[in-house]
Amino acid sequence: MPSRRSFLRSSLAAALAVAAGGALPGGLAVARAESVPKPQNVLDPDAALAKLVEGNERYVSGTARRHDFINERLALTAGQNPYAAILGCADSRVVPEYAFDCARGDLFVARVAGNFVNADMLGSLEYAVAVLGVPLMVVLGHERCGAVDAAVKAAGQSASYPGSIPSLVAAIAPSVEKARARAGNLQEAAVEQNVLDNVAALAAHSAIIREAAEAGKLRIVGGVYRLKTGRVEFLG
């Protein structure tokens, strides 16, 4: 089986062979508005964020749009051009497509319990930037995150966990330690700190993401989803 990085390299090469339009750092290309399945998704970073905020307001108020799933499926058979990438938690209560009232093809979502950057999440999000040309990336945490709570308990109560769960705990542990210096509830502070740390990690660990951000073609933000209201509070 080919490795993940081999797959990404081949995908990048294929995309560069067929893409047209503006260039990303390193010579990577993004498609023109007229050559993509959803021209309305060709946005600058600020407009993409505004669109997410508007969608979340509809979700919170209970006025989500009715989506035409049949035509959406047909329009996307030849490709995709999402306007945002989300690094989110695997928690079943937090569904980015619902939270931002988005249709198919609008969001490129990578999910792992605790919404943290690892090699696979990073490779997936690099694909979103280098091949799909997303203008916006969001690290989306949420209240009462079980993975963060596990890291808090491991640090403060020496809790232990079976299987591969300790790898999740270890990834979040540095954010828990930083959160100790913040006022208020440690678990809530750790949720926010984990989001902020992973916003920073995306650019720190990826030249593709960092160069796109430095060129003004990509904006990276963090947010926390409130379970009771459904509102996403953006940080920073």
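The model is predicted: local features need pLDDT of at least 70, side-chain atom pairs count only at pLDDT 80 or more, and totals for chains, interfaces and linings use all residues. Residues are numbered from 1 along each chain as its sequence is written, and side-chain values use heavy atoms, with hydrogens and water left out.

**Strand pairing**

- Strands β1 and β3 pair in the parallel sense over four bridges; two strands pair if DSSP finds at least two bridges between them.
- A85 has M137, in β3, as its bridge partner.

**Helix α2: extent and ends**

- Helix α2 (a DSSP run of H or I, at least four residues) spans residues 45–61.
- Its 17 residues reach 25 Å from first C-alpha to last, close to the expected 24 Å, which is 1.5 Å times one less than the number of residues.
- At the start of α2, a side-chain oxygen of D44 comes to within 3.1 Å of the backbone nitrogen of D46.
- Just after α2, G62 adopts a positive phi of about 80°.

**Helix α2: buried residues**

- P45, A48, L49, L52, G55, N56 and R58 are the buried residues of α2, buried meaning under 20% relative accessible area (1.4 Å probe, protein chains only).
- Their cover includes β1 (84–88), β3 (136–142) and α4 (96–99), among others.

How values were computed
Helix = DSSP H or I, 4+ residues; strand = E, 2+ residues; numbered from the N terminus. Buried < 20%, exposed > 50% of the residue type's maximum accessible area, 1.4 Å probe, protein only. Contact = heavy atoms within 4.5 Å. Polar contact = N/O pair within 3.5 Å; in protein donor to acceptor, adjacent residues only side chain to side chain.
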